[in-house]
Amino acid sequence: MIIDLERFLNQERSAWAELEAMLDRLEAEPGERLSLHQLRHFHELYERASAALAKITTFSAEPQTRRYLEILVARAYAEIHETRGRRQRFRFYDWLSRELPQTFRRNVRAFWLSLAITMVGCLFGGLAIGLDPDSKPVLMPFAGLMQDPAKRVAQEEKADHPKIEGNKAPFAAELMTHNIKVSILTLALGMTFGLGTIIMLFYNGVILGAVAVDYLRAGQAKFLFGWLLPHGAIEIPSILIAGQAGLLLAGALIGWGRRVPLAQRLREISRELLTLIGGFSLLLVWAGFVESFLSQYHEPVLPYAVKIAFGLFELGLLTLFLAKSGSKPVPAAPPP
Amino acid sequence: MSARQQLHIRTPEGIVFSQTLAGPVARAVAWIVDVLTIGAAISLLQTILMAFDALSPGIGLTLFVLAYFIVSLGYFIFLEWRLRGQTLGKRLLRLRVVDAEGMRLQFNQIVIRNLLRFVDDLPLLYFLGGLVCWFNGRSQRLGDIAANTVVIRLSQVGQPDLSQLLAGKFNSLRLYPHLAARLRQQVGPAEAAVALQAIMRRDEFNPVARVLLFGELARHFAAKVEFPADATEGQADEQYIRNVVDVVYRPRVETGTARANASMMS
């Protein structure tokens, strides 16, 4: 049996046009709330279009009408069956004070794992440079780190102003953008079942451990902490948070012991990932400023004790923020 | 079209609808358009922002470094969000990013699929992403898998308008209602659709192909039900097929048309 196409189109055309108009409005204004009556009518129109699609698929192979209905039903389906909340107005303060620290705490196991991998890297880098100082060019192939620590400290302390004087703002911008890119890559490598993220964290640890042992062996502990702590107290945790996000992504991809489809596992963590990305990006903007405007100044211009105290203060504040912020339940709104 | 190129979604109501997936080549072309657009925007910004160095040395460079980062990363996110899954390249190629389950595309998904370009881009020029996209059944790169999105081809389909085709013109086959009814019974949806498409797209064919196609279709339908000679005499194959389509898709004729047919009979 073939459908009476003309009659069918004449009967249904107005309902489809109405559904199309409603969809246009809903898609243009995602915040719009429909009344119960409108919602019922919308659902009725969706069901009618679905039924029409089923009918035309069964009783006619007319492709244009079928394609039109498929698109219409697909759009309506997305509006009706979407169970994730509609996006609400973004409130930066709420996000920063509650959502970010809560997300961090919810996934703290991934953070500890990220820290552990970095620490293993540190241990490896430290041991390697301690046992074989000639491995320096392999472990940390960066011009600034190749110099003898004692010579570098003497040079830096002799200078009245840092080498980047006059270029602090572009340097800060370079640091921020570069570190954010590296952090995003660390996260994105979670898609390699976490292997890439682990390598990135381990390698960061190796460099950190190697630099630390190199300066400690040269008796430059004060310089090392004074140089690294002001920005490192924020920068290193940021990279660890990026690693946390990468491991979270890898965990969802692997889905250990979970009988949930991959798409659902990934859907569950998408908001968590976005929050962590926002978190480490924000921290890295701050770290970029500090590294450019503070870390490059050394004694006698800026006493190491002040720099170390500043770094420890930042670290304490960050720890407190991540551990405690947003942990109090939000008081219920008073009745109107 | 193979099943590989279609995304089929079954609704809880049991209705299946499909979307045509975009392949790696179309996506690559769209990406090239986007990269050229980003390049042009960055060049323009460089000219404008570096002029700020005249105010204070370093400020132009700082602004440029930040602008470069924001534009190169934010272009895809901003446009896909504002243009509901499209960038300029995707719009040009008529592609759109959609949720792989047919749900509404969320901002989280757009950010994740775009930030994961960092891994898709490895080692360079989207080699890894392209490879994954090529072998993935839904043509997804790694970013799409993580964000649970797919890129589909859009088809511009408005409400079907068959009024010109099925307008109440005189149809000699309707002079024999019992044969017309038999024809409706004999013709299946697929072959009816071929005839309908041939009529709808007749102006797209070259003249020789048009004559050959309608000749073949006319022989096919004539073999199903044989109408008396006076119903088909002097009729071009194309006119005969138009009449067949009219009978098959429009079983009930309006009163005016029926009257016209009846008067022709008398």
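Predicted model: local features only at pLDDT ≥ 70, side-chain atom pairs only at ≥ 80, totals over all residues.
**Around helix 2 of chain B**

The residues being covered are L61(B), T62(B), L63(B), F64(B), V65(B), L73(B), F76(B), L79(B) and E80(B). In general, an α-helix has 3.6 residues a turn, so residues three or four places apart point the same way.

If you trace helix 2 of chain B in the viewer, look for a bend of about 50° at G74(B). The end-to-end span is worth a look too: a straight helix of 24 residues would span 34 Å at 1.5 Å a residue, whereas helix 2 of chain B spans only 30 Å between its end C-alpha atoms. After this helix comes R84(B), with a positive phi near 50°.

Now step back to the whole contact between the chains, which draws 55 residues from chain A and 54 residues from chain B. On the chain B side, the elements that give two or more residues are strand 2 (16-20), helix 2 (59-82), helix 4 (107-115), helix 5 (117-120), helix 7 (142-147), helix 9 (189-200) and helix 12 (237-249) of chain B. Sorted by class, that side has 33 nonpolar, 13 polar and 8 charged residues.

What does the rest of chain B look like? Its secondary structure comes to 13 helices and 4 strands. Chain B has 266 residues, and 37% of them are buried. Taking the contacts in chain B between residues at least 6 apart in sequence, 65% join residues at least 24 apart.

Chain A, our next stop, has 13 helices and 0 strands. Of the 336 residues in chain A, 40% are buried. Among chain A contacts between residues at least 6 apart in sequence, 83% join residues at least 24 apart. As for overall dimensions, a compact globule of 336 residues would have a radius of gyration near 20 Å, but chain A has 29 Å. Along the principal axes, the C-alpha atoms of chain A fill a box of roughly 90 × 50 × 40 Å.

Let us go inside next. The largest nonpolar core has 136 residues, of which A49(A), A188(A) and L249(A) touch the most other members. Helix 11 (residues 221-254) of chain A gives the most to this core, with 18 residues.

Our last stop is Q220(A), in the loop between helix 10 (195-217) and helix 11 of chain A. Apart from neighbours within four places in sequence, Q220(A) is in contact with P149(A), A150(A), V153(A) and Y215(A). One of these, V153(A), is 67 residues away along the chain, yet the C-alpha atoms of Q220(A) and V153(A) are separated by 7.7 Å.

Methods:
Residues numbered from 1 in each chain as written. Chains lettered and ligands numbered in written order. Contact = placed C-beta atoms within 7 Å. Nonpolar A, V, L, I, M, F, W, Y, C, P; charged D, E, K, R; others polar. Buried ≥ 20, exposed ≤ 12 C-beta atoms within 10 Å, placed from the backbone. Expected span 1.5 Å × (residues − 1). Bend = angle between axes of the 7 residues up to and from the residue. Rg over C-alpha atoms; globule rule 2.2 N^0.38 Å. Core = buried A, V, L, I, M, F, W, Y, C linked by C-beta atoms within 7 Å.
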